Amino acid sequence: MQTQKLSVREALKVGDWRMKLSAIIMGTSQLLHGQILKGLWFLAVEISFFTWFFARGIKSLQSLITLGTHKQGFVFDKKLGINVLHQGDNSMLLLLFGVATILVVVIFFYQYWVNLKSARKLQELDLYHKSIPTLKEDLSALLDSKLHILLMSVPVAGVVAFTILPLIYMISIAFTNYDHNHLPPKNLFSWVGFENLGNVLGGDVASTFFPLLGWTIVWAIMATVTSFLFGVLLAMLINAKGIKGKKVYRTLFILTMAVPQFITLLIMNNLLNDSGMVNTMLMNWHVISHPLPFLTDGTWAKVTVIIVNMWIGIPATMLVTTGILQNLNQDQIEAAEIDGANKFQIFRDLTFPQILFVMAPSLIQQFIGNINNFNVIFLLTGGGPMNSDYYNAGDTDLLVTWLYKLTIDAADYNLASVIGILIFTLSAVFSLFAYKRVNKMNNLG
Amino acid sequence: MKNKNKRTRMIVYTILTLLAVVWVLPIIWIVLTSFRSEGGMFVDYFIPHHFTLDNYKMLFTNSTYPFGRWFMNTLIVAVVSATLSTFITVVMAYSLSRLKFRWRGRFLQGALVLNMFPGFMSMIAIYYILKAIGLTQSLVALILVYVAGAALGFYVQKGFFDTIPISLDESAMLDGATKWDIFRTITLPLSKPIIVYTTLMAFTGPWMDFIFARVIMGDNIQNYTVAIGLYTMMTRESANSLFMAFAAGSVLIAVPIIILFIALQRFFVEGMTSGAVKG
C-alpha cells in the first residue's frame, strides 16, 4: 500500500481532535493512543516548563533586557533608622541566567515539535490502520534505527551546557560595557551595541589590536611552516637507507612530546633567561660580554619563540611523516632512480608532494592551532617584553594571550570577548578558504 | 661510490646525533637539577656539584605544597575523565561516522564552528555555571569540564571509523543484527588502536592542563592538580628556592607519561597518522 507522508502542518489541518488537542496540551495524542509513558513525559515537560516560565522565566527575560536596575549600595532603612547595605542586581548573573532561559525556551519548543511529530506519526498510523508501537518496540528502536539518539543525547547535553551556553554568554558580553569600571556585583553593566567592536577596530585599542593581529599571523605561518619543513627533513634523515638505530632516534624525539609542555617551556624560559644557563655559560667562556636578550628584546623574543616552538613541533611532524614515508609507493621512486633522477629531485618531485598532499588537512588544523597557541607564548615569554605602546600587551603577545590578559589581569571582559570573536572569524575565514583549496586539489589529483 | 655513501651516512649520523642532543639535553637537565642540592633557579654549570634526594623528600613532607595529594588528585581526575571521555568520544565519532540521521551534516558543521572559538574564551562563563550548580573548586567540576570537552573532539576517531569498510556492517545487517549489535560486536573490536589513542590523550590531558584547572580551583590548594601545583610553585616569590623541588615534581609527572608513551607508541603513531590522513 502506498503510504503518503503527512507534514505536521497538514496533520494539524486534517487530523482528528486528538492531534489538534496535542498542539495545546502536549502528550494528549500519545496518552489516548495508549503510549502512556511517552504521553506523560510530554505532559510533564509542558507543565513544568510553564510553571517555571511564569515563576522565573519571564522575570529572567526582562532582566536580560535591562541587565539589572538596582546598583549595590547603602539604602536608608526607616525601621532600623540606619543605612543598610542593599545587595543590588548582579548584571553578570542576570545575563547568564537570561541566556540560559533562552536556551531552555528553545529546548522546550524542540520538545513541543517532537510532540507534534510523534502525534502526526500516530495520526498517520491510524489513517492506514497500522498498529501503534508499544513501549518495548520504541525502546528497541533506540538500539537500532534511533541508536544515534541513545548515543548522542548525553554528550550533546554536555555540549549545550559547557560549550554553547558559555559561548553565547561570552558573545553577548562583547555588546556590553562589562569592563574594569563596571564590575559586578559592585556595579551594573549594560548593553552598548557595537561600541566595543568599533573601539577595537578603530578606537584607542586599535593601535594594540592590529600589530598583535599582524604578529599572530606571522607567528602562525612561521610556526606551522618551520615545524612542518624541518619535521619532514628530520623524518627523511631518520628513515634514510642504511641508517641504523631508527627506533632509538625516533624514541628520543618522541620523549620530548611526552613531557608536559608547561614543564619544558618553563625550563626553556629558565635556560634562556638573561641570567639563565645559556647566557652565563657563554659569558664564562667569553663568547659574549653581555647576556643575549633572548626573552627581553622584542625582536629577539619573537625569533626565540619560533625556534623553541620548532623544538616542540618538529617531533610530531616527524612521527606522522614517518608513517607516510613507510607507505610511499616504492615502485615510482625506483623507476625515477633508474631514469637517473638524483635524491634531491626524487624528494622535490615525488616524496615531498605526496607528504604535502596527505598532510594538507592537518597543516590547516595546525595553522589554526598556532593562531590559538596559548601555551608556547604564555609560558615562554608571558607575552613579554611589555610594550608601552600597547594596551596591556607585550611584543610577543598573540591575540589569544592578550585575550587571556584582558580577562584575568585587566578585567576588560567586553574587549576580550570582541577579540575572541575576531579570532574566531580569522580562523573560520582561513579554514573555509583552505579547505576549499584542498578539496579542489584532491579532486584534481 | 661506496666511500661516498659511507661519507653521507656519517654526515647523517652526526646531524641526527647533534639534533638528538639538542632535544634531549633540556630533559636531562631537569633530571639533573632535581637531584641538585646547591644553588637556585640560575646556575652556570650543567652537572650539579652535590647530589641529594632532599628535593623529592621535600615534595612529600611539606604542607604548603602537598605534592602527594596533588598527584592523587590528578590520578583520580585522569582515570575518571579518561574513561568517560573515551566512551563519549568513541560514541560520538561512531554516530557521526556510521549512523545516518537527518541532522548529521549540520551537526558536523556546527561542531567545526564551535571548535574554532578559542577554548578558554568561555572559561569565565563555565566557572560561573559551575558556581551556580555549586561545584567550583572540586575535582568533580574539573572532570565535568574535561569530559564535556570530549564530545566535540571526535575528528580523529571519526576519520578512523570512516576507514572501516561499510560492507562489514551491511552483511551483519542482513543477518538481522541491530545497529547496537554492530557497534558492539564488529566496530569496537576493530577499533582498539583508536580507543587506546583516545584514552592515552584523555589520560595525559589533566597532567598537562593548567589553564582550566587554575580557573576552576582558584585558591583551593588542596584540590590542585600537579600541573597547577607546580605552576604556582614557580610563580610565587619562592620560585628561586623551590626550583629544584619543581624539577623533582616535573620528573615525577614526566616519568609515568613517558613510560606510557613509549609503551603505547604504536597506537600513538597510528592515531596521529589516521588523524592526519583524514583531517
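Guide: Rings of Phe, Tyr and Trp count as a pair if their centres lie within 6.5 Å. In this predicted model, the structure holds 44 such aromatic pairs over all chains.

Visitor: Why is the pair of B:F160 and B:F161 called edge-to-face?

Guide: Look at the centres and the planes. The ring centres of B:F160 and B:F161 are 6.2 Å apart, and the cut-off for a pair is 6.5 Å, so they pair. Their planes sit at 75 degrees; over 60 counts as edge-to-face, so that's the label.

Visitor: And what makes B:F160 count as buried or exposed?

Guide: Its relative accessibility. B:F160 comes in at 13%, and buried means under 20%, so B:F160 is buried.

Visitor: How do you know whether B:F161 is buried or exposed?

Guide: By that cut-off again: B:F161 has 0% relative accessibility, and under 20% means buried, so B:F161 counts as buried.

Visitor: What links B:F60, B:Y65 and B:W70?

Guide: Ring pairs do. They join these residues into a cluster that also takes in B:F67, B:F71, B:F203, B:W207 and B:Y224.

Visitor: What is residues 12-32 of chain B called in UniProt, and how much of the span is helix?

Guide: The unreviewed UniProt entry lists 12-32 of chain B under "transmembrane region". In the model that span is 100% helix and 0% strand, with its end C-alpha atoms 29 Å apart.

Terms used:
Residues are numbered from 1 along each chain as its sequence is written. Chains are lettered from A and ligands numbered from 1 in the order in which they are written. This is a predicted model: local features need pLDDT of at least 70, side-chain atom pairs count only at pLDDT 80 or more; totals for chains, interfaces and linings use all residues. Side-chain values use heavy atoms; hydrogens and water are left out. Rings of Phe, Tyr and Trp (its six-membered ring) pair if their centres lie within 6.5 Å; planes under 30 degrees apart count as stacked, over 60 as edge-to-face and the rest as tilted. Buried means under 20% relative accessible area, exposed over 50%, partly exposed in between (1.4 Å probe, protein chains only). UniProt positions are given in the numbering used here, feature names are shortened, and annotations may be inferred rather than shown by experiment. Helices (H or I, at least four residues) and strands (E, at least two) are DSSP runs, numbered from the N terminus.
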